Amino acid sequence: MAHTYEGGIPARVYLGTLLMALCFHPIAVGGVDPVLNGIPSSSLPAAALKQEVALENGATTLNHSMAMVQRMEGLLAQGNGSDVALRVQTVNTDEVKVIQAHTLVLSLQSEVFEELLLSHNTSTLVLREPADCAAVFDKFIRYLYCGDISVRLDQAIPLHKLASKYRVWSLQQGLSQYMTGHLSSDSPTGHVVGWYQYAMQIGDANLRDSCLQYLSWNLSSVLQSGEWGSISDDLLLSLMQRSDLILQSELELYEALEAWIGQNQPAGLTVENALRQVRYGMIPPQHLFRLQKQSPVMLKYYESIRDLLFLAFQFHSTSPVQLAKYFDVNCSIFTPRNYLSPSWGSPWVINNPTRDDRSFSFQTQLGPSGSDASKRVTWNALFSPRWLPLSVRSAYTNEMQATRTDGGRPRIIVTPATSSPDFAGVSFQKTVIVTARQGGKMVVRHVYNFHQSTEEAGDFLVEADLHRRASEYLIDSSLYLHVVVKPLYHSLIVARK
């Protein structure tokens, strides 16, 4: 399905449009306009004669811009008054595409075209483009005439290349925004990895970071897709270093890494660096034993990660607090990521979230170590569609509904149901994941992290309009959350990302 980016035509182009309309094809009044293929000018869209603004001096503005755009499109399609032929040759092939164009339009829209046309005293301008750019060159030229363009996912990069090469900045910016806004769109082979690699090549930090965040927040679905096998060595290592990955478990990540290694056969140093980014302390010991005996990658590179496995088994054999007395445990191997498995949290679907306050309880393990995994912690979560005063945040009673402030922002609070001596030396990091439907599939819309010393996320849904049925944060009028609780020991507070 094609998407349309509506780009505004610069004022100088409208001047050029007016000049060409006068020079090449005067506007017909009440008659037949050849440029519009026989459509009477009297039957043009109503917008062509729309009275838009009554000015202070009593004047009225007549807006003919839509009719002008139609004429410009007809001018390009039929080649009327053309004074230059663009001969587009596809590199390394005999394929040639010829487009009849107008020097004035090209020069007004692109300084590169202006320089090329001034330096060539011929009616034919030869342009050489790679196959992907040549395939969309006619779309690119049409944008110069009309100011809008239909874009498919696979056309975004070649169009962006053309916009950059010919310095059409409005189109370049529009395509960057298009890619940032369509990361979740469905495509047969995936497109986010390709867009990330392209962003790295051209130095587009915003697009690069958007792609990296999308891959991190939706890693479980990415691991199951064909796109996972296509990621580069550098992107793999960038992902493996992050603490904000959202996936089922660390074991899922290890198994996906093993599959990627088998498919891509990278250099040994890349494999070793990637294996050392796995957080083995987050994998239960029974699975570590199995991997030691059954994983071909671990068997081959065992010596490269033996120290990490030894540290992980020590972590599972005693209390992390005791381990911290003798070893430096302030490292990423003991820092949880955002795991979706039941041991770490629970999903929470809130129907009609603007109606009233909601609460629910769930349990997690005390911690990932062998000594804490069997100990359960019960958590109470409270969601309020409006501000919750500080004075009543410590108790879950009906009085809270009576004291909430009207017109406030949504709030969510997660606290333990009871205190326990086992909490000594432990801080709990809470993460609330908001899922939404984009591009026809479920994706992570936002992630909110609680500061370890607080009980709530202060910026929770601050930009969301939950009263609007079509809100991008709602699915069938419901708010889909997943609450993750990550135990961090005091010596592990500084986490490496």
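**Burial, rings and strand pairing**

Colleague: In which helix is Ser 176 located?

Modeller: Ser 176 belongs to helix α8, residues 169-181; helices here are DSSP runs of H or I with at least four residues, strands are runs of E with at least two, and both are numbered from the N terminus. The model is predicted, so local features require pLDDT of at least 70 and side-chain atom pairs pLDDT 80 or more, whereas totals for chains, interfaces and linings use all residues. Residues are numbered from 1 along each chain as its sequence is written, and side-chain values use heavy atoms, with hydrogens and water left out.

Colleague: Why is Ser 176 called buried?

Modeller: Its relative accessible area is 13%. Buried means under 20%, exposed over 50%, and partly exposed in between (1.4 Å probe, protein chains only); Ser 176 is therefore buried.

Colleague: What makes the pair of Ser 176 and His 160 a polar contact?

Modeller: The two side chains meet at 3.0 Å. The criterion is a pair of N or O atoms within 3.5 Å; within protein, one must be able to donate a hydrogen and the other to accept it, and residues adjacent in sequence count only if both atoms are side-chain atoms. The pair of Ser 176 and His 160 is accordingly listed as a polar contact.

Colleague: Why are Phe 360 and Phe 362 called stacked?

Modeller: Rings of Phe, Tyr and Trp (its six-membered ring) pair if their centres lie within 6.5 Å; planes under 30 degrees apart count as stacked, over 60 as edge-to-face and the rest as tilted. By this rule there are 13 aromatic pairs. The centres of Phe 360 and Phe 362 are 5.3 Å apart and their planes lie at 20 degrees, so this pair is stacked. Both residues are buried.

Colleague: How do you know that Arg 445 lies over the face of Tyr 473?

Modeller: The distance to the ring centre is 4.8 Å. The rule asks for NZ of Lys or CZ of Arg within 6 Å of the ring centre and within 35 degrees of the ring normal; Arg 445 is placed over the face of Tyr 473.

Colleague: What makes β16 a partner of both β17 and β18?

Modeller: Strands pair if DSSP finds at least two bridges between them. Ten bridges join β16 to β18 (residues 478-489), and eight join β16 to β17 (residues 441-449); both pairings are antiparallel.

Colleague: Why is β16 described as largely enclosed?

Modeller: Eleven of the 13 residues in this strand (426-438) are buried, so the rest of the structure largely encloses β16.
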